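Biologist: I would like to learn how to read a structure file. Can we go through one together?

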Amino acid sequence: INAHWINKFVDIFLEQNYNFADIEWTQENPASGHIHTFLSSATSEVVNEHLTESWTSHIDVSARRKHLDKIQYQADHDNLTGAYSRSAYIRYLKKFYKKNTTPSPFALFTIDLNMFKSINDSLGHNVADQCLILLAQRLTIFAQELDGEAIVSRIGGDEFLTVFPTAAAREHKSGIVGLMAQLQACYTIQKLKINLRFSAGIVQYPTQGIASDDLMRRVLIAVESAANTQESIHYYQNGEDEAHLDRLIMLDELKQAISDDDGQLFMTYQPKLHLKSQRIDKVESLIPV
């Protein structure tokens, strides 16, 4: 046991009245270079408030720790791309909130691969999977170069999310443009040259949201707007959240009106007059809303 851990054990030993249990620690084997994980405990005999004897045990639990780390990795990461899972990303974001006592601006960035179903159908699942793997790699490299703390998460079949937690908001604009150019560069998969196109949504903290749930919802609204308007990048605008909610309510009410038989919707016919013959030759059917 090296000097650092001996000193650590002595401190804990004294702080906890000569007893401690199941302290996990790691140390490199100087001979092999392997990192070992140990579980240490200490118990003592005290007579008349004097320490008389003490016993310590150190168990090598490296195999168990390796197994637990593997399980944790599988729970936190997407099996295909190696990107973080959605649940792990939300935990990461909440953790970042806690330590960020003096909040600085950051951007939440989501990207959606256009026409992914067509790639699946025309080129097959293997090629489509390779597209996702390479896309995740490019995103990860860029995120790490821009900010060492940034991680990439796969939040859907062809949707990825990342955050640049310490860069200033004004830096994102040029950074994201560079990222989009990098992502859209040609992909070579099984000797095929494939050009992928993306829709991206961006929301900025704290001007466009503070709570993680609000930011997540708004960045998804932004990427949906980019896809609907055929923009490559859409920056969330304040008020789009409410407009999106209004659209959802209207669609729900329309579905309800269609299914009900209470006469909310009815068809009328508007005649179309042919000016030259002065005769009605067409009608336009309308459903007032």
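Biologist: What pLDDT does the chain average?

Modeller: Some ground rules first. This is a predicted model, where local features need pLDDT of at least 70, side-chain atom pairs count only at pLDDT 80 or more, and totals for chains, interfaces and linings use all residues. Residues are numbered from 1 along each chain as its sequence is written, and side-chain values use heavy atoms, with hydrogens and water left out. Now your question. pLDDT is the predictor's confidence in each residue, from 0 to 100. The chain averages 85, and 90% of the residues score at least 70.

Biologist: Where is confidence lowest in the chain, and where is it highest?

Modeller: Helix 6 (residues 169-183) is lowest, at a mean of 68. Strand 2 (residues 35-47) is highest, at 94. Where pLDDT is low, the predicted coordinates should not be read in detail.

Biologist: How many helices and strands are in the secondary structure of the chain?

Modeller: Helices (H or I, at least four residues) and strands (E, at least two) are DSSP runs, numbered from the N terminus. This chain has eight helices and twelve strands.

Biologist: What percentage of the residues in the chain is buried?

Modeller: Buried means under 20% relative accessible area, exposed means over 50%, and partly exposed lies in between (1.4 Å probe, protein chains only). Of the 289 residues in the chain, 36% are buried.

Biologist: Which residues is Thr-110 in contact with?

Modeller: Contact means heavy atoms within 4.5 Å. Leave aside neighbours within four places in sequence, and Thr-110 is in contact with several residues, including Ile-155, Phe-160, Ser-199, Ala-200 and Val-219. Thr-110 lies in strand 4 (residues 106-113). Its relative accessible area is 0%, so Thr-110 is buried.

Biologist: Val-219 was on that list. Is Val-219 buried or exposed?

Modeller: Val-219 counts as buried, because its relative accessibility is 0%. This residue lies in helix 7. Beyond four places in sequence, its contacts include Leu-108, Phe-109, Leu-161 and Gly-201. Take Leu-161. Val-219 and Leu-161 are 58 residues apart in sequence and 9.2 Å apart in space, C-alpha to C-alpha.

Biologist: Where does Leu-93 lie?

Modeller: Leu-93 lies in helix 3 (residues 86-99). With a relative accessible area of 2%, Leu-93 is buried.

Biologist: What does Thr-37 touch?

Modeller: Not counting residues up to four places away in sequence, Thr-37 touches Glu-24, Trp-25, Thr-26, Ile-59, Asp-60, Val-61, Ser-62 and Arg-65. Thr-37 is found in strand 2. At 7% relative accessible area, Thr-37 is buried.

Biologist: Let us turn to the backbone. Which peptide bond is cis, with omega near 5 degrees?

Modeller: The bond from Tyr-205 to Pro-206 is cis. Pro-206 is found in the loop between strand 9 (198-205) and helix 7 (212-229).

Biologist: What is phi of Glu-49?

Modeller: Phi of Glu-49 is near 65 degrees, a positive value in a residue other than glycine. Glu-49 is found in the loop between strand 2 and strand 3 (50-60). Its relative accessible area is 75%, so Glu-49 is exposed. Now try Gln-230. Its phi is positive at about 60 degrees, although Gln-230 is not a glycine. Gln-230 is found in the loop between helix 7 and strand 10 (233-235). Gln-230 is exposed, because its relative accessible area is 75%.

Biologist: How far apart are the mean positions of the positive and negative charges of the chain?

Modeller: Lys and Arg count as positive and Asp and Glu as negative; His and the chain ends are not counted. The place of a charge is NZ of Lys, CZ of Arg, CG of Asp or CD of Glu. Here, the mean positions of the 27 positive and 36 negative charges are 10 Å apart.
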